[in-house]
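Biologist: Please show me the sequence and the structure, so that we may go through the model together.

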Amino acid sequence: GVVCPEPFALTSNETCVIKYPDTIVDIVEPDSPPYSVIYPGPTLTTFPQQTIVGSTALFDIGNLLGSRGSLGFRGMCGS
């Protein structure tokens, strides 16, 4: 006759890619025409993993899903 809350978990593992801008260096030598060297900016790729584990008795699941997306964590790249 005892009612227990159900376990609950939300997980997310979305790739986060950040591309930094290129660096351009202008080279000027006395006896040569000027020229530019472009160093490509680095690309940082991470695989953040977030998990919420708890009980349905601790919070309103509908509000959590509504504020964070269907998987619970969309749009949190880099956080």
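The questions and answers below concern this predicted model.

Biologist: What is the mean pLDDT of the protein chain?
Modeller: The coordinates come from a prediction, and pLDDT is the predictor's confidence in each residue, from 0 to 100. In the protein chain, 67% of the residues reach 70 or more. The mean pLDDT of the chain is 74.

Biologist: In what order do the elements of the protein chain run from the N terminus?
Modeller: The protein chain holds 1 helix and 6 strands. Read from the N terminus on, the order is β-β-β-β-β-β-α.

Biologist: What share of the residues in the protein chain is buried?
Modeller: A residue counts as buried when its relative accessible area is under 20%. The accessible surface of the chain comes to about 6,200 Å², and carbon and sulfur atoms contribute 60% of that surface. Of the 79 residues in the protein chain, the buried share is 13%.

Biologist: What percentage of the contacts with a separation of 6 or more is made by residues 24 or more positions apart?
Modeller: Contacts in the protein chain with a separation of 6 or more form the basis of this figure. Residues 24 or more positions apart account for 64%.

Biologist: Which residues make the nonpolar surface patch of about 250 Å²?
Modeller: One member, Tyr20, is placed in the loop between β2 (16-19) and β3 (23-27). A patch residue needs over 30% relative accessible area, and Tyr20 has 39%. The patch is made by Tyr20 together with Leu44 and Ile18.

Biologist: Which residues does Tyr20 contact, leaving aside its neighbours within four places in sequence?
Modeller: Tyr20 and Pro42 are 22 residues apart in sequence, yet their C-alpha atoms are 5.6 Å apart in space. With neighbours within four places in sequence set aside, the contacts of Tyr20 are Gly41, Pro42 and Leu44.

Biologist: Which side chain meets that of Asp22 in a salt bridge?
Modeller: Side chains of opposite charge can pair when their charged atoms come close. The nitrogen must lie within 4 Å of a carboxyl oxygen, and here the N to O distance is 3.5 Å. The count by this rule comes to 1 salt bridge. The side chain that meets Asp22 is that of Lys19.

Biologist: Are Asp22 and Lys19 buried, partly exposed or exposed?
Modeller: The partly exposed class lies between the buried limit of 20% and the exposed limit of 50% relative accessible area. Asp22 has a value of 45%, and Lys19 has a value of 48%. Both Asp22 and Lys19 are therefore partly exposed.

Biologist: How far apart in space are the C-alpha atoms of Ile52 and Thr11?
Modeller: Ile52 lies in strand β6, residues 49-55. With a relative accessible area of 22%, Ile52 is partly exposed. Ile52 and Thr11 are 41 residues apart in sequence, and the C-alpha to C-alpha distance is 6.5 Å.

Biologist: What distance separates the C-alpha atoms of Pro5 and Gly54?
Modeller: Pro5 is located in the segment before β1 (7-13). Its relative accessible area is 46%, and Pro5 is partly exposed. Pro5 and Gly54 are 49 residues apart along the chain, and their C-alpha atoms are separated by 9.8 Å.

Key
Residues numbered from 1 in each chain as written. Predicted model: local features only at pLDDT ≥ 70, side-chain atom pairs only at ≥ 80, totals over all residues. Heavy atoms only, no water. Patch = residues over 30% accessible without salt bridge, like charges linked within 9 Å, V, L, I, M, F, W, Y side chains within 5 Å. Areas by Shrake-Rupley, 256 points an atom, 1.4 Å probe, with all protein chains shown as cover. Helix = DSSP H or I, 4+ residues; strand = E, 2+ residues; numbered from the N terminus. Buried < 20%, exposed > 50% of the residue type's maximum accessible area, 1.4 Å probe, protein only. Contact = heavy atoms within 4.5 Å.
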